[in-house]
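Visitor: I'd like a close look at the interface here, please. Take your time and walk me through it, then on into whatever lies beyond.

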Amino acid sequence: MSRVKLLSLQVLVALVALGLWHIGSTIPFGTGANGKPFYLLPQFFFSTPGAVIGRVFTMFADGSVYAHLWITLVETVLAFTIGASLGILIGFWFARKPLVAAVFDPYVKMMNALPRVVLAPIFALWFGLGIWSKVWLGVTLVFFIVFFNVYQGVREVPQVVLQNARMLGMSERHLLRHVYWPAALSWVFSSLHTSVGFAVVGAVVGEYLGSSKGLGYLIHQAEGVFDVTGVFAGMVILMIFVMAIDFLVTLIEKPLLVWRPGETKTV
Amino acid sequence: MTGALPAVQLNGVSVVYALAGGGRYEAVQPVDVRVAEGEFVAILGPTGCGKSTLLNIAAGLMPPSSGESVIYGEKLAGLNSVAGYLFQQDALMPWKSARDNVAIGLEVAGMARANALAAADSMLAKVGLAAFGDRYPHQLSGGQKKRVALAQVLVRRPKILLMDEPFGPLDAQTRLIMSELLLDLWQADRKAVMFVTHDLDEAIALSDRVLIMSAGPASRIIGDFPIPLPRPRNIAELRGEPEFHRLHALIWNALRDEVRKTYGLTSAGSAA
Ligand SMILES: Nc1ncnc2c1ncn2[C@@H]1O[C@H](COP(=O)(O)OP(=O)(O)OP(=O)(O)O)[C@@H](O)[C@H]1O
Ligand SMILES: [Mg+2]
C-alpha cells in the first residue's frame, strides 16, 4: 500500500471518530424523559471535539502549559536515566554472578509483582511533593524493564560467540566491552519504547496523585472541578507529548541498531 | 625452542557428556592424537562422531573426561592461547562489521586500532571480501560469513590452527581458492593444523595425514593415513594423479563402512 493511501486512511479514521464524537455531543437525538433534548454523548461528560481542540490551542497560546510540560519532561528524563542506569548495572551484575541472581530472584519477582501505584503515597511521604517522588515512581517502573532485558541479553549471548571471542584472546574486561555490553545494549534498545513510555507513566501518575505541577496535575485539577474539556485537553497534550518522545527515541535508536537483522530491503 | 615438541598431543582423551536429564553420553572413547609442529592433519568421520568435540578439547574450551591435552609439551589447563579456532557454527559478533570482527583479535592483543584495521582489510581482501568490510554479519551470505571467520582466525597468525569444516558452505570453485589460500599461508609459516572436513578429496589434497574416526557413540580413531604427496601441491591438478586416486580408494574404503554404521546399514549394503 502506498504511503499516501495509508496516511489518508489513517486520517479518515481520526475524522470519523471526531465526527461521531461531534455529532453525539452536539446534535440531540429526540427528547429525553425530562423533556430536555437528549444527547448520546452529553457535553457534561464528554465535552465536544471543538471545545477540546480550542482549549488545547489556548493552553499553548497563553503559554500556561509549558511549565507543566517542562516538569513532566524533566521527571520523565530523570526517571528514565536513573532507572535505566540502575537496570543496566544490576542486570549486568546478576547475569555475571549467578549466585547473586539466585539469592535475589524471589525478591526481584516480589518487587516486580507489586503494582507500582501503591508506592506513590509512600514516595510522596519519603521524597516530598516535588519532582523526586514522581521520578522514583518512574524509576521503579523503568528499572525492571531494563533490568530484565539486560539480564536476558547478557545471559543469552550465544555460547559459540562467547567461545570465539575468548579464543580471539579477549579477557573478561574485553568480553564485557565487546560482547556483553553490545548484546545487553541491543536488548535495552529493543525495549526503549516501552521503558520510556513507563517513565512517562510514572511521572504522570505521580503528578496525578499529588503535586502542584505537570500534565498529571493538570488533568487531576480539571477533574476536581468537573472540567471535562480540561481533562480531555490534558489527555490530548499528554498524547502529543508521548508521541513526540517516542519519535525522538526512534531517531536515536536507528543508527545504534544498524547491525540488527531487521527488515531486509531490496530496491 | 619448541621445535622438537609436538604442537598438539591428545593423550588418552575421552569425552563423556552429561546430558540434561542426568544421563551420560560417551562421545569419544580414549584416543591418542599427535600433531607435530608444522603438520597438517585432516580429521574425517561420519556426522556426530566427535570431530568438533576433539577440536574443543584441543582448544581448551572444555576439559576431557579422562586423559590430557598437551600443547607444545605443556599440559593444557584452560584455554589454548596459541591456537586459533574456526568454529563450525556461526561465531561472528553480530554487532561488529566484518572489518571490526577481523580486527578485534589484533586489537585486544594490543595492536593500535588503525594498524589492526589495515591488517583486517588486507586479510579480507585475501579471502575475496575486500568490498564487504562494512557489512554486518546478517548482511553476508553463509559462505561470506565463513570467509570472514577464516580471516578472523588467520589474521592473528596463531601457531596452531583448529578448523572445523571451514569450507563447508562454499561452492566448489571458492573452496578451491580458499584451500589454495590456506595452503599458501600454511606454506609460508608452517602452523600445526587440525582440519575437520567431510570432503575426502579436500582432506587428501591439503593434509600430511588423514585421521578417520569411527561412527559414534564411543567413537575412536580407526585409521591414520599418511599422505606422502609432494609439496608444494597444486590442488587443482592433484586430483588427476594416480597416487591421489590410490589414496582416495584406500581411505574411502575405511570411511564407507563407518558412514554406513551411522545409518544402521551393514557393510554389505543391505538396510538393517
Ligand atoms: N553438549 C553436548 N551434550 C551432549 N552431547 C553432545 C554435546 N555436544 C555434542 N554431543 C554429542 O556428541 C557427539 C559428537 O558431537 P560432535 O559435535 O563432536 O560431532 P561431529 O563429529 O563434529 O559431527 P558433525 O560432523 O555433524 O559436525 C554427537 O553424538 C553429539 O550428539
Ligand atoms: Mg562438528
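Guide: Let's start with charge: across the interface of chain B and chain A, the rule finds 0 salt bridges (Lys or Arg side-chain nitrogen within 4 Å of an Asp or Glu carboxyl oxygen). This is a predicted model, with local features needing pLDDT of at least 70 and side-chain atom pairs pLDDT 80 or more, while totals for chains, interfaces and linings use all residues. Residues count from 1 along each chain as written, chains are lettered from A and ligands numbered from 1 in written order, and side-chain values use heavy atoms, without hydrogens or water.

What the interface does have is polar contacts: 7 residue pairs between chain B and chain A, both partners at pLDDT 80 or more (N or O atoms within 3.5 Å, one able to donate a hydrogen and the other to accept it; sequence neighbours count only through side-chain atoms on both sides). On the chain B side, β6 (83-86) and α2 (98-107) each supply at least two of the residues that touch chain A (helices, H or I, of at least four residues and strands, E, of at least two are DSSP runs, numbered from the N terminus). That side splits into 14 nonpolar, 5 polar and 3 charged residues (Asp, Glu, Lys and Arg are charged; Ala, Val, Leu, Ile, Met, Phe, Trp, Tyr, Cys and Pro nonpolar; the others, including Gly, polar).

Now the extent of the contact. Chain B puts in 22 residues and chain A 20 (heavy atoms within 4.5 Å). Together the two chains bury about 2000 Å², and carbon and sulfur atoms account for 72% of that area (accessible area lost to a 1.4 Å probe, summed over both parts). In chain B, the residues that lose the most area to chain A are W95(B), V108(B) and H138(B), together 34% of what that side buries.

S47(A) has a positive phi of about 55° although it is not a glycine, and sits in the loop between α2 (43-46) and α3 (49-61) of chain A.

Back in chain B, there's an open sheet of 4 strands, antiparallel, in the order β2-β1-β4-β5 (strands pair if DSSP finds at least two bridges between them). Its edges are β2 (24-35) and β5 (74-75), each pairing on one side only. β1(B) and β2(B) are joined by 8 bridges, Y17(B) being partnered by Y25(B) in β2(B). These two strands form a hairpin with 5 residues between them, where G22(B) in the turn takes a positive phi of about 105°. Strand β1 (residues 8-18) also runs antiparallel to β4 (residues 66-71) in chain B, through 5 bridges. There V8(B) stands opposite I71(B), and Q9(B) has V70(B) as its bridge partner.

P232(B) is found in the loop between β10 (221-226) and α7 (235-238).
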